[in-house]
Amino acid sequence: MAKEAIVSEDMAKKFATEKETPYLRWVRDEGLDIISAHYVRNLNRVELKPWARRGGRGIYINHEASRTSNDCYVCEIPAGGQLAPHRQLFEEMIYVLDGRGSTTVWNEAGQKLSFEWGKGSLFAIPLNANHQHFNGSGKEVARFVAVTNGPAVINLYEDLNFVFNTPYDFKERFSGDPEYFANKGEQKGLLLETNFVADAINLPLISAKERGAGGGHIRFNMAKGSMNSHISQFPIGTYKKGHAHGPGAHVIIMSGEGYSLMWPEGEEPKRYDWEVGSMVVPPNLWFHQHFNTGVTPARYLAFKHEVVSIRNAQGVPKAWISRRLGGDQIDYADEAPIVRQLFTEALAKHGLEPRMAEAYQAELADLPKAS
Ligand SMILES: [Fe+2]
């Protein structure tokens, strides 16, 4: 079901006009390329093109499976420069890959706030708020990666003047509270309600044993938006449980080194090596699994969209539930032997050994019976 299912050119031609969307036409008209890949080795090195409307340089990254849910772009602000003021009737979350700078956000009511960010900062732009990004350095460029839910909105209205030029304040989302972009938030279970994290690379996490191997986890709701995101970290010599979910999770490596395996059901896992700045976007319902092979803990950020989560009747994402119960998470006890073999070999190259015995043991206590 989740295989790529490639058909003949003749059959593909019959659906070609449906593949073309207002969103894709808009990106082309912006003068930017789209990388249609589910793996980018390093977002810091990906080549950008001048972006006349925004004022910097950019590229869109939009995998086939994600293009109707959310999209992703990388943008660079020139040294000593800024982007043009901008507003949009869709949501956006931003992670700063490199450099430092500031952002000013304002509304029609005249409320205006500015905040400063640096490498590792994470924040969201409130829906339809005017905003402008400034580079704080006269010497170095600043580069960020952003995920938006623009595709659905642009496809729905097909009216760019409406999407990018509607003077309306969503007061519930942003009302100029001076603390709005303060580096603080309210922790509700695994969820942190905040609008700005100054240093997401070192943000303390909460233990989440359900995803395996002593991992830390934190979930975000930012700018009262509908898109969600989370950070996961896992210790040296460990890996997370394999799982599958819907399209649109953009996984960005914040620290550490390792690799991900990704595969459609019934096929051999493929390996995608990562370092700080790598991104993997697991295609719709492909299994995927993340492995730390480095000498430090590994941490990643996942920008998502609600369609990523396939939930059970209790509202629990099936990617957190054992396949033995009908969920989409593979227990360690059920994984293919090749998974452990590849991991042992990869660690050996760094003179390390797997530190998984405790995680395998801990799983047994709650492991549902195999059917
Ligand atoms: Fe995932």
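This is a predicted model: local features need pLDDT of at least 70, side-chain atom pairs count only at pLDDT 80 or more; totals for chains, interfaces and linings use all residues.
## The nonpolar cores

Tyr95 belongs to the largest nonpolar core, which has 64 residues, and together with Leu43, Leu122 and Phe220 it is one of the members that touch the most other members. Both domain 1 (19-164) and domain 2 (193-366) contribute to this core, each with at least three residues. Apart from this core lies another one, made of 16 residues, including Tyr259, Phe291, Ile330 and Val339.

## Helix H4 and its surroundings

Helix H4 spans residues 150-157, and its buried residues are Gly150, Pro151, Val153 and Ile154. These buried residues pack against two other helices, H3 (22-29) and H5 (160-164), and also against two strands, S5 (71-77) and S11 (142-148). After H4 comes Glu158, which has a positive phi, near 50°.

## A nonpolar patch on the surface

Which residues form a nonpolar patch on the surface? They are Val7, Met11 and Phe15, and together they have about 280 Å² of accessible area. Met11 is found in helix H1, which covers residues 9-14. Met11 counts as partly exposed because its relative accessibility is 42%, a value that falls between the limits of 20% for buried and 50% for exposed residues.

Key
Residues are numbered from 1 along each chain as its sequence is written. Side-chain values use heavy atoms; hydrogens and water are left out. A nonpolar core is a set of buried Ala, Val, Leu, Ile, Met, Phe, Trp, Tyr and Cys residues joined through side-chain atoms within 4.5 Å. Buried means under 20% relative accessible area, exposed over 50%, partly exposed in between (1.4 Å probe, protein chains only). Domain bounds come from an automatic or database domain assignment. Patches are made of residues with over 30% relative accessible area and no salt bridge: like charges are joined within 9 Å, nonpolar side chains (Val, Leu, Ile, Met, Phe, Trp, Tyr) within 5 Å. Accessible areas come from the Shrake-Rupley method with a 1.4 Å probe; for residues, only the protein chains shown count as cover. A salt bridge is a side-chain nitrogen of Lys or Arg within 4 Å of a carboxyl oxygen of Asp or Glu. Helices (H or I, at least four residues) and strands (E, at least two) are DSSP runs, numbered from the N terminus. Contact means heavy atoms within 4.5 Å.
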